[in-house]
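Thanks for making time this morning; I would like to walk you through one model, so please have a look at it before I go on.

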Amino acid sequence: MLNSPENHRSQAGDVCADASLIAAEDGLIRYIRQHAELAERSGYTIPADWSHQSQYHLLLALGRRHTPAPRPKGLTGMPERLCYSNAAQYARNHHDQGLLYAEGFARTLDVYLPHAWTVRPDGTVIDPTWDEPGRAYVGIAVADPALWPYDGGGILQDFGRLMPLLRDGFPPSALADPGRPLADGLPRE
């Protein structure tokens, strides 16, 4: 069952995640945690002064839950498999509406994929690539358009972009925090 706007809005119109969304997000976060644990056990060590050990650690430290929503009327799907440049371009074209580029992992059906989308200030997703919204989105919203990957390589997937972020972290004011914290709904471990 795909989530509809009715599943995410209370009668007062406030965004509130339902149980199926929370379960999908929690599964996605567990997936990211498992990969972070694999990176820790890999035997590869990074310098102690680096900000993050891996892209998974970065997402766990800075990521937010973004709420899936149907594609707005009039938005024609952009080319498949080009989610990074699609999201960067769409965010640039609609920046005046508060849209930001977001990147992380999304769950579609029962597959977890690296993905990019745009996010509204209230944390809802506009996914310019997928015809149907994913079941869950966990990622970072990047406020600085200079960091958006217009050329197609993702921030977290492109080695040249990722390594400085793992070493130094994001520049001040480069990130925004629309969405919900990752800890929402997750049992403490």
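When I say contact, I mean heavy atoms within 4.5 Å. What we have here is a predicted model, in which local features need pLDDT of at least 70 and side-chain atom pairs count only at pLDDT 80 or more, while totals for chains, interfaces and linings use all residues. Residues are numbered from 1 along each chain as its sequence is written, and side-chain values use heavy atoms, with hydrogens and water left out.

On confidence, pLDDT being the predictor's confidence in each residue on a scale from 0 to 100, the protein averages 88, and 88% of the residues score at least 70. Residues 185-189, however, have a pLDDT below 50.

Let me turn to the strands, which are DSSP runs of E of at least two residues, numbered from the N terminus, and which pair if DSSP finds at least two bridges between them. Strands β2 (residues 100-108) and β3 (residues 111-119) run antiparallel, joined by 9 bridges, and Gly 104 faces His 115 of β3 across that pairing. The two strands make a hairpin with 2 residues between them, where Leu 109 in the turn has a positive phi of about 50°.

Finally, which residues does Pro 178 contact, leaving aside its neighbours within four places in sequence? They are Arg 64, His 66, Val 119, Arg 120, Pro 121, Gly 123 and Ala 141. Pro 178 sits in the loop between β6 (175-176) and β7 (180-181), and its C-alpha atom is separated by 5.4 Å from that of Pro 121, 57 residues apart along the chain.

Technical notes:
Helix = DSSP H or I, 4+ residues; strand = E, 2+ residues; numbered from the N terminus.
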